[in-house]
Amino acid sequence: MKITKLETFTTRDVGFVRATAEDGSQGWGQVSTYQADITCEIFHRQVAPHALGTDALDFADTIRRIYEKEHKFPGSYLRRAQAGLDTALWDLRGKVEGKPVAALLGGSPGRVRAYASSMKRDITPEDEAARFLRLRDTFGFTAFKWRVGAECGRDGDEWPGRTEAVIPVVAKALGDGVDKLVDGNSGFSPARAIEVGRMLQDNGIGHFEEPCPYWEPDQTAEVRAALSLDVAGGEQDCEFSSWRLMLDRGAVDILQPDVMYIGGIHRTLEVCRMGQATGLPVTPHAANLGMVTICTMHLLRAIPNAGKYLEYSIEGPDYYPWQEGLFLGNPYAIEDGHATVTEAPGWGVEINPGWLEKASYRMSGGESG
């Protein structure tokens, strides 16, 4: 069954892809968020031409061939565009076979433990602690992640002293019996990261994410060697050469691929296999409530080295205004600290027709030739 048409519906921040096969079967996916309008242009120029006319159900080699055909363009934008094709075709296959993607991957529908993930640095330690406690009491979260330092901050802070304040204030408020995670977002030199890491250890925090510039794996490896907590990373890495270098250097304890940044489920599974071969768990990056978190839920229900939890962004329209109105219903309901992969076929979500009507539209294949 061949792919006959590929369509995109996009704004600056979000781009959905609809794939249609020759029998009329369809599936929905998404290119990565942020500059999605640029990514959709790349999709139609450098992804769709290689995909049209290929197998809609057995497409792992198509994903590889796109890389080979576009070998002069390694890097993030092509991978972000490939994610739209990959995720749409997984949805299409799930609908054809009447199975959720988790089942297609060898897993099953069911619950996934989630951690409440804060994206904010412009929040006081006291306010961060207070909203975590509200989320704990309302939704039953048993794990939380907050931010330290400044993003790519060269040892700076969001404001002087915030890191030293937010670590103990939030950790103490959450108390015992709760998993505590912290994200540095490439903010520190090794020396400063080790200093911060020791503060984390002293306050019962067990996960230190991206402490050093992600493009310097030797720096992260130095931090990992000096600390006893888990060092995590990989969200930005979209080429397998970077992952192999990270593993060769022993840079991390936890792998964090992002399904959308890396190019879709097939390419994410390659990183999961790398982790399995080296005994490392996979706790993917999924920092917004577009399709990335849905895809990650299905993945975690299927891979043998799934980490302890799903990243679940707690930010609403004040932080991510573009998240509003993407889907019909609420595919992200949290109960007792868990999200649920349903038995619905494919990804189990329905894109909001009202959102699609307002988006910019383009088609490859079909009547466009």
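I count two strands as paired if DSSP finds at least two bridges between them. The model is a predicted one.

**Strands.** I looked up β7 (residues 207-209) and found that it runs parallel to β8 (residues 230-233), with three bridges joining them. Within this pair, E209 has A232 of β8 as its bridge partner. I then followed the chain from β7 to β8: it passes through helix α8 (residues 217-226), and the β-α-β crossover is right-handed.

I next checked the pairing of β8 with β9 (residues 254-255), which is also parallel and rests on two bridges. Here A232 lies opposite I254 of β9. Helix α9 (residues 240-248) forms a right-handed β-α-β unit with β8 and β9.

**Core.** I looked up the largest nonpolar core, which has 110 residues. The members that touch the most other members are F16, L85, W146, F208 and W347. Helix α3 (residues 76-97) contributes the most to this core, namely eight residues.

**Cysteines.** I searched for cysteine sulfur pairs within 2.5 Å and counted zero disulfides. For C152, the nearest cysteine sulfur belongs to C212 and is 11 Å away. I noted C152 as partly exposed because its relative accessibility is 42%. For C272, the nearest cysteine sulfur is that of C295, 13 Å away, and C272 is in no disulfide.

Conventions
Residues are numbered from 1 along each chain as its sequence is written. This is a predicted model: local features need pLDDT of at least 70, side-chain atom pairs count only at pLDDT 80 or more; totals for chains, interfaces and linings use all residues. Side-chain values use heavy atoms; hydrogens and water are left out. Buried means under 20% relative accessible area, exposed over 50%, partly exposed in between (1.4 Å probe, protein chains only). A nonpolar core is a set of buried Ala, Val, Leu, Ile, Met, Phe, Trp, Tyr and Cys residues joined through side-chain atoms within 4.5 Å. Helices (H or I, at least four residues) and strands (E, at least two) are DSSP runs, numbered from the N terminus. A crossover is right-handed if, with the strands pointing away from the viewer, the path from the first strand over the helix to the second runs clockwise.
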